[in-house]
Amino acid sequence: LLTAYAGHVSPISHSTLWGVLPLAFPICFWAALVLMLCQLLWHWRGVLVLATAIIACGAPALDYFPLNFVKPKAPAGASTFTLLTYNVLSSSPRGEQMRYILDKDADIVCLQEVQLPLTSPKSELTPEVIDSISSRYPHMSYGGRTAQQVMMSKYPIEPIHLDVTKDNFAGGDVAAYRVTLPTGR
């Protein structure tokens, strides 16, 4: 229970331990399930305690292990868009990654941890892939403090200035954009 709900306590105003405890939740959750199965064999009354704890952790468990029992659909006639995020793990996107992105045909694509511009001579992308990306996503922007965030969109985008300093976001690299959808929103 402590690892499940520790994320609701601010590690800034309390101990930093509160920021680390939620990371142990998946391990504790699976350990509780295994112990519950063992309890069934040796001490069946102990199952009630573990089952109660697992049920009490239901909401955090669904956050960590999302199960989509019903796929939500937009109302008929509603305007929708698709968003794809992709972390390229501190490298330049490779050809197979960009082909995957092009195959998904998302309206907006956000790439994280991009080390080189897509059109850089050191990039592994072929001119054909670069042309496909440029024609599919005419609106492209590199953002963040170290330009490691790439926003590609079929719709006009406008960078939003963020006052990110070392004091309020140590070591992070963020970027924000305003996207104008075809509906004008």
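Which residue forms a salt bridge with D107, and how far apart are the closest N and O atoms? The partner is K154, with 3.7 Å between the closest N and O atoms. The legends below describe this and other close-up views.

The structure is a predicted model, in which local features need pLDDT of at least 70 and side-chain atom pairs count only at pLDDT 80 or more, while totals for chains, interfaces and linings use all residues. Residues are numbered from 1 along each chain as its sequence is written, and side-chain values use heavy atoms, with hydrogens and water left out.

A salt bridge is counted when a side-chain nitrogen of Lys or Arg lies within 4 Å of a carboxyl oxygen of Asp or Glu. D107 lies in the loop between α6 and β2, and K154 in the loop between β4 and β5 (157-160), so the pair ties together parts that are 47 residues apart in sequence. Helices (H or I, at least four residues) and strands (E, at least two) are DSSP runs, numbered from the N terminus. D107 is buried because its relative accessible area is 11%, whereas K154 is partly exposed at 25%. Buried stands for under 20% relative accessible area, exposed for over 50%, and partly exposed for values in between (1.4 Å probe, protein chains only).

The side chains of D105 and R136 form a salt bridge, at 3.3 Å from N to O. This pair links distant parts of the chain, with D105 in the loop between α6 and β2 and R136 in helix α7, 31 residues apart. D105 is partly exposed at a relative accessible area of 35%, and R136 is partly exposed at 29%. A salt bridge also joins the side chains of E96 and R94, at 2.9 Å from N to O. E96 is partly exposed with 46% relative accessibility, and R94 is partly exposed with 32%. The count of salt bridges comes to four.

**View C. Buried side of helix α6.**
In helix α6 (residues 95-104), the buried residues are G95, Q97, M98, I101 and L102. These residues cover an arc of only 160 degrees around the axis, which puts them on the same side of α6. The arc is that of the directions from the helix axis to the C-beta atoms. An α-helix has 3.6 residues a turn, so residues three or four places apart point the same way. The buried residues of α6 pack against β1 (83-91), β2 (108-114), α7 (127-136) and β4 (149-153), where contact means heavy atoms within 4.5 Å.

**View D. Positive phi at D105 and E113.**
Most residues other than glycine have a negative phi, and most peptide bonds are trans. D105, which follows α6, has a positive phi near 50 degrees. E113 is not a glycine either, yet has a positive phi of about 60 degrees. E113 is placed in strand β2 and is partly exposed at 26% relative accessibility.

**View E. Surroundings of C57.**
C57 is in the loop between α4 (46-56) and α5 (58-64). With 7% relative accessibility, C57 is buried. Apart from neighbours within four places in sequence, C57 is in contact with L1, A4, Y5 and F25. T3 and C57 are 54 residues apart in sequence, with 9.4 Å between their C-alpha atoms.

Rings of Phe, Tyr and Trp (its six-membered ring) pair if their centres lie within 6.5 Å; planes under 30 degrees apart count as stacked, over 60 as edge-to-face and the rest as tilted. The count comes to seven aromatic pairs. One of them is the edge-to-face pair of F29 and W30, with 5.9 Å centre to centre and 80 degrees between the planes. F29 is buried at 12% relative accessible area, while W30 is partly exposed at 48%. Ring pairs link F25, F29, W30, Y64 and F65 into a cluster.
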